[in-house]
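Good morning, and thank you for coming. Please look at the sequence and the structure on the screen, and I shall take you through several of its parts in turn.

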Amino acid sequence: MSVRLGELLIEKRRITAAQLQEALAYKDANGGDLASALTRLGLVPAGEIAALRGAQYGVRSVDLSGFEIDPAVLDLIPADTAREHGIVPLRRSGANLTVAITDPRNVAVLDEVRFRTGCAVEPLLASEAAVAEAIARYYDARQGTSGADRGERTLDVAVRELDRLSGGSDDPRAGGDAQEIDLVAGDDARGQAPVVKLVNVILASAVQRGASDVHVEPYEKEFRIRFRVDGVLHPVMTPPMRMRDAVTSRLKVMAKLDIAERRVPQDGRVRVRCRDGGSTKAIDLRVSCLPTLFGEKIVLRLLDKSHLVLDMTKLGFEEAPLRRFTANIRRPWGMVLVTGPTGSGKTSTLYSSLAQLNNPDTNIVTAEDPVEFNLDGVNQVQIREAIGLSFAAALRAFLRQDPNVILVGEIRDVETAEIAVKAALTGHLVLSTLHTNDAPSAVSRLLNMGVEPFLIAGSVNLICAQRLVRRLCRGCAAPAAVSPASLLELGFSEARARTVTPRKGRGCEACNGTGYRGRVGLYEVLEVTEPLRERILAGGAAGALRRAAIDEGMLTLRESGLCKISEGATSVDEVVRETVR
């Protein structure tokens, strides 16, 4: 049927043969049917496809978004049957039952419904996505409440528990200090289903507590919600197991993912409007869905632009490393690399660099996967590997766009590395990231990719490695008892060990009992001087580069951590957790 639908659309000149092949490839990669693929790619509207398929089968199509289904009608077809066969009852008039179905050729299902209900069945055609969304909207919500007030009261208890943990009021719609999230503009919260209320409060609580990620995790006998706050995961609540599918479907509907597809990973994005203290702000959520043994795990990355620090003096740089870094990003050409693991703050450092360089006389272009924040005055490109828009392809296009500054989200392969290096050698400033443990290892990484030593030596101006450690809570931080021997083992000199007073958070209401609030960066800045260029040309190992850079005054990540301990910004435990001597 998929091929026939494609042929009809080509005959009607609605799509080209190339677009059909693109949609078929998308369907194979992401699951679902051809109609869903055409709609998600924006090639043909869903309504037009439904009308065309209806003409194929000799049945009328229906738009399910305008229906409000009577609960008594839903009871006519069990939820399992609806999910398995893609069918939803819409209305009953006497002995006539109207249903929406994805495949009206499925005579066996229609006969089963006739036998079960004793009604004459009128099938209407609806898209796979529309039927799946209707099932999630009606059946999953009913399962979540068990069709009784008792279930809704249980959910309300869970909502109040989560709201209490976040410091808000019992009612997620209440004013005052509690945040309100408009997931659908104009909707009245009083008319929302319990599962919608639960998801709203989870997201409101995550924003209020400053979480960077929300983990929605199904297990065999437990359904768990966790927040990552200041880099550490904290269990928040365990909703009833019967809410698992309903919560998952709600989040996937919000992110415009295919809720009928539960076999392959999916990624989406949604913008949430939050009201806090009378003001309104928008927060982007990156949604990642992963099939696991007991259901789909969903991780939401919260991207709050109000938390984005674009002032480099507030990131945590020591004075001398900051001076070197600033000087190198203001050079007219060359490459500046920021390295570190996922979640180490590389994006904040790069965006802070762009903020300093962003002037009307400067053309800045970026290739990112994904684009995390929108920056005014910066031309940002979202990488889409599925259609051939890779980092290397974007870089080639950038060089024809008369750029001054190029940001490459990540150097992943030799092709991207070579184009970036050549751009840096031909009069462009290139900023990018690598995944390495420290700054000198970035050179070894490029060499292992296959980049020639003379290209690295001629193009790379500076390498910055970084980590994030939790910042001590100002309200409860107090001196900690740490022996001088432990300070010496940590890396302090004897003189510094006698004068430094490490601190540790005791835990208070402001920091939710953790002793930490916020994070601060540790930075290792390696400036490629002439002696270091000669070592790179000679194929010098990372260890030799590291020793030479330290001799020239480079602060290592551990030494940057020792500075933060001396300043009372973080604890000994945090520095030990994130750095090595």
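Helices here are DSSP runs of H or I with at least four residues, strands are runs of E with at least two, and both are numbered from the N terminus. Before going on, please note that this is a predicted model, in which local features need pLDDT of at least 70, side-chain atom pairs count only at pLDDT 80 or more, and totals for chains, interfaces and linings use all residues. Residues are numbered from 1 along each chain as its sequence is written, and side-chain values use heavy atoms, with hydrogens and water left out.

The buried residues of α22 are L557, R558, S560, G561, L562, C563, K564 and I565. Among the elements that cover them are β16 (460-472), α19 (494-499) and α23 (572-578).

Let us turn to another pair of helices. Helix α20 (residues 530-537) and helix α21 (residues 542-551) pack with their axes 10 Å apart, at an angle of about 175°. Axes are lines fitted to C-alpha atoms, for helices over the stretch in contact, and angles run from 0 to 180 degrees between N-to-C directions. α20 is therefore roughly antiparallel to α21, a term for angles over 145 degrees, while under 35 is roughly parallel, 65 to 115 roughly perpendicular, and the rest oblique. L532, R535 and I536 of α20 make the contact with A544, L545, A548 and A549 of α21; contact means heavy atoms within 4.5 Å.

Next come the nonpolar cores. A nonpolar core is a set of buried Ala, Val, Leu, Ile, Met, Phe, Trp, Tyr and Cys residues joined through side-chain atoms within 4.5 Å. The largest has 45 residues, and I406 and V430 are among those with the most contacts inside it. Helix α15 (residues 414-425) gives the most to this core, with 6 residues. Leaving out residues up to four places away in sequence, I406 touches V365, L395, F398, L399, A423, H428, L429, V430 and L431. Apart from this core lies another, of 34 residues, including V216.

V216 is found in strand β5 (residues 213-218), and it is buried, at 2% relative accessibility. Although V216 and L251 are 35 residues apart in sequence, their C-alpha atoms are 9.9 Å apart in space. L251 is one of the residues that V216 touches.

T433, in strand β15 (residues 429-434), is also buried, with a relative accessible area of 5%. A polar atom of its side chain lies 2.6 Å from the backbone oxygen of G409.

Finally, how many disulfides does the structure hold? There are 0, a disulfide being a pair of cysteine sulfur atoms within 2.5 Å. C508 is in no disulfide, and the nearest cysteine sulfur, that of C473, is 3.7 Å away. C508 is partly exposed, at 23% relative accessibility. For C511, the closest cysteine sulfur is in C508, at 3.7 Å, which is too far for a bond. C511 is buried, with a relative accessible area of 4%.

Notes: Buried means under 20% relative accessible area, exposed over 50%, partly exposed in between (1.4 Å probe, protein chains only). A polar contact is a pair of N or O atoms within 3.5 Å; within protein, one must be able to donate a hydrogen and the other to accept it, and residues adjacent in sequence count only if both atoms are side-chain atoms.
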